[in-house]
Every structure is written in C-alpha cells, then in structure tokens.
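Welcome! Take a look at it, then read on.

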Amino acid sequence: MKTFSHRARLYATLLLSVSLSIHSQAIAANCPLPNKVAQNEEQAIEITKQAMQSYLLTSLALQCVQFFVTESSQRKGEFEVDAREVHNTKCGGDPATSPRIFSLRIKANGQIKLYDAPSADYIVPRCPAVNAK
C-alpha cells in the first residue's frame, strides 16, 4: 500500500478543490436545468447526462458511465434512470461489478428528482455551490 506525505495530500486536495471550483463556475449558468419532458429512453438519457454535468453528480468521464432506463409502469411518461460505473481497461475497476452512482426520476412534467439514499426518497437536486468573489 502506497502512503503519501502530508504535503502530497494537501496538494492533491488543493488541485481537486480548484478544479471543482472552476468547473462549478463554468456550469453555474446551466443550473438548475429547465424542465424537459422525455418522450423516450434516448431523451431520458440525454436529460440525465445534462443533469450529471450541471449538478456535478459524478467526477467520472462520460465514457465511464452507463445508463439504464425504465419507464414507470404506474406513471405514464415518467422515466427512472440509473447511472452505473463502467469498469474496463480504460475506466479501471473490477469488470465483474458495476456500482450505481446515482438514480434520477424524470417526471412527466419534466421535473428532475435525484434518489437520496438516506431518506429513501427522490428529492429535487441542488445546484453546486459556486465560490463568489
């Protein structure tokens, strides 16, 4: 197991925080997303990709995320999308696993809700904080 010095950990933390701050400022204008109604699975995936970037739902590259869509049998026009990690030689990880990153519900009126595990319910996602100067 590799150990890192205190200075290396601080440097890595600083780089991550600067990177997230720059990314947050770049996407602040796109958050919150306007309501978009999904007519089919492809549109549900596109809305999920936009939400993933706007709400900073993962730091993984898009090619390392796979989407699984189900249309709600109880509510016509609603889609639930699970985003899962892709594990391969390019993305890394154990190819026998595909952990869930997040789940979104795209409601018939276009509202997006994010699954919140602690409350076991879907909630409206919040825009990431942007460092104001």
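## The disulfide and the fold around it

The torsion about the S-S bond between Cys64 and Cys91 is about -90°, so this disulfide is left-handed. Cys64 sits in the loop between α2 and β1, while Cys91 sits in the loop between β2 and β3, so the bond ties together parts of the chain that are 27 residues apart in sequence. Please keep in mind that you are looking at a predicted model.

**More on the disulfide**

- A search of the whole structure turns up one disulfide.
- The bond joins Cys64 to Cys91, with an S to S distance of 2.0 Å.
- Cys64 has a relative accessibility of 9%, which is under the 20% cut-off, so Cys64 counts as buried.
- Cys91 has a relative accessible area of 22%, so Cys91 is partly exposed.

**The chain as a whole**

- The protein chain holds two helices and five strands.
- The protein chain has 133 residues, and 27% of them count as buried.
- Its accessible surface comes to about 9100 Å², and carbon and sulfur atoms account for 53% of that surface.
- Among contacts between residues at least 6 apart in sequence, 44% join residues that are at least 24 apart.

**The sheet**

- Five strands make up an open sheet, in the order β1-β2-β3-β4-β5, and their pairing is antiparallel.
- Which strands stand at the edges of the sheet? They are β1 (65-71) and β5 (121-123); each has a single partner strand, so one side of each is left without a neighbour in the sheet.
- From one strand to the next, the twist averages 30°.
- β1 and β2 (residues 79-85) run antiparallel and are joined by seven bridges.
- Within this pair, Phe67 stands opposite Ala83 in β2.

**The helix on the sheet**

- Which helix packs on the sheet? It is α2, which covers residues 41-54.
- Helix α2 touches β1, β2, β3 (100-106) and β4 (112-116).
- The direction of α2 makes about 130° with that of β1.

Definitions and conventions: Residues are numbered from 1 along each chain as its sequence is written. This is a predicted model: local features need pLDDT of at least 70, side-chain atom pairs count only at pLDDT 80 or more; totals for chains, interfaces and linings use all residues. Side-chain values use heavy atoms; hydrogens and water are left out. Two strands pair if DSSP finds at least two bridges between them. Helices (H or I, at least four residues) and strands (E, at least two) are DSSP runs, numbered from the N terminus. Axes are lines fitted to C-alpha atoms, for helices over the stretch in contact, and angles run from 0 to 180 degrees between N-to-C directions. Contact means heavy atoms within 4.5 Å. Buried means under 20% relative accessible area, exposed over 50%, partly exposed in between (1.4 Å probe, protein chains only). Accessible areas come from the Shrake-Rupley method with a 1.4 Å probe; for residues, only the protein chains shown count as cover. A disulfide is a pair of cysteine sulfur atoms within 2.5 Å.
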